[in-house]
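Subject: Structure for you to look at

Hi,

Here is the structure I promised. Please open it and keep it on screen while you read the notes below.

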Amino acid sequence: MTILKTEDLKKYYVSGDNTVKALDGVSLSVEDGEFVAVVGTSGSGKSTLLHMLGGLDRPTEGRVFVADKDIFSLKDEELTIFRRRKIGFVFQSFNLVPTLSVYENVTLPIELDGNSIDEKHIDSIIETLGLSERVNNLPSQLSGGQQQRAAIARALASKPAIILADEPTGNLDSRTSQDVLGLLKVTCRKYSQTMVMITHNEEIAQTADRMIRIEDGRIVSEH
């Protein structure tokens, strides 16, 4: 079953007489439970693509479907709610709230949505990611790898259909990167979630089920 699909996705930026084609007609599909890596050099359009897939930015043309829903047919407030419920984000910069504990950071999206917390599910994620002894710590009391694991736990907490990861190991050393990547794969399989990861690291991309290469805003290969 196709969980994520784009049709002729374009994002153009016009500056004076110049038009920058950040995305130039990208069509792709991702199956339910698949782990896909999108690779490309800086400026290739991969991060722009991730923002479009997650509804963080609207395209110039084209459509994005998540679980058969045309997300850009939604009004801004509807899109925000849909995104919070269906899509989990893991960013390079962690984006943890510094004044909240690990547990509070993990459960924040659920509370923002006004839903009750599935404590058994949260405890399972925290245990799987090795954070059980850190739940009451603030982000400043964690290592970089622990902060990224907390960010992954937060992304998984609301049981989204899709996890979008933007250079999730970019701020980590190579050993911690491998640990975090392994945990991402384990948790996505354990909780039956689909993952699309943006990376410039070929070695990391090779661990995915499928690798999509993007250059100059276009898909140039898939394997």
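First, a term: helices and strands here are DSSP runs, numbered from the N terminus. Also keep in mind that this is a predicted model.

Start with the largest pocket. Its volume is about 340 Å³. The lining is made of 14 residues. Closest to the centre are Arg84, Ile87, Phe89, Pro109 and Arg154.

Which elements each supply at least two residues of this lining? There are helix 2 (76-86) and strand 6 (87-91), then helix 3 (102-112) and helix 5 (144-157). Strand 6 gives the largest share, with four residues.

Seven of its residues are nonpolar, four are polar and three are charged.

**The helix pair**

Now find helix 5 again, and look for helix 6 (residues 174-190). The axes of helix 5 and helix 6 come within 10 Å. They cross at roughly 15°. Angles under 35 degrees count as roughly parallel, so helix 5 is roughly parallel to helix 6. The crossing of the two is right-handed.

Which residues meet there? Helix 5 brings Gly145, Gln148, Arg149, Ile152 and Leu156. Helix 6 brings Thr176, Val180, Leu183, Leu184 and Thr187. In this contact, five residues are nonpolar, four are polar and one is charged.

To recap, helix 5 turns up in both places: it supplies residues to the pocket lining, and it meets helix 6.

Best wishes

Notes:
Residues numbered from 1 in each chain as written. Predicted model: local features only at pLDDT ≥ 70, side-chain atom pairs only at ≥ 80, totals over all residues. Heavy atoms only, no water. 1 Å grid on protein atoms, 1.4 Å probe; cavity = no way out; pocket = protein on both sides within 12 Å on 5 of 7 lines; lining within 4 Å. Points joined across faces, edges and corners; volume = space filled by probe spheres on them. Nonpolar A, V, L, I, M, F, W, Y, C, P; charged D, E, K, R; others polar. Axes fitted to C-alpha atoms, helices over the stretch in contact; angles between N-to-C directions. Parallel < 35°, antiparallel > 145°, perpendicular 65-115°, else oblique. Left-handed = near helix turned anticlockwise from the far one by under 90°. Contact = heavy atoms within 4.5 Å.
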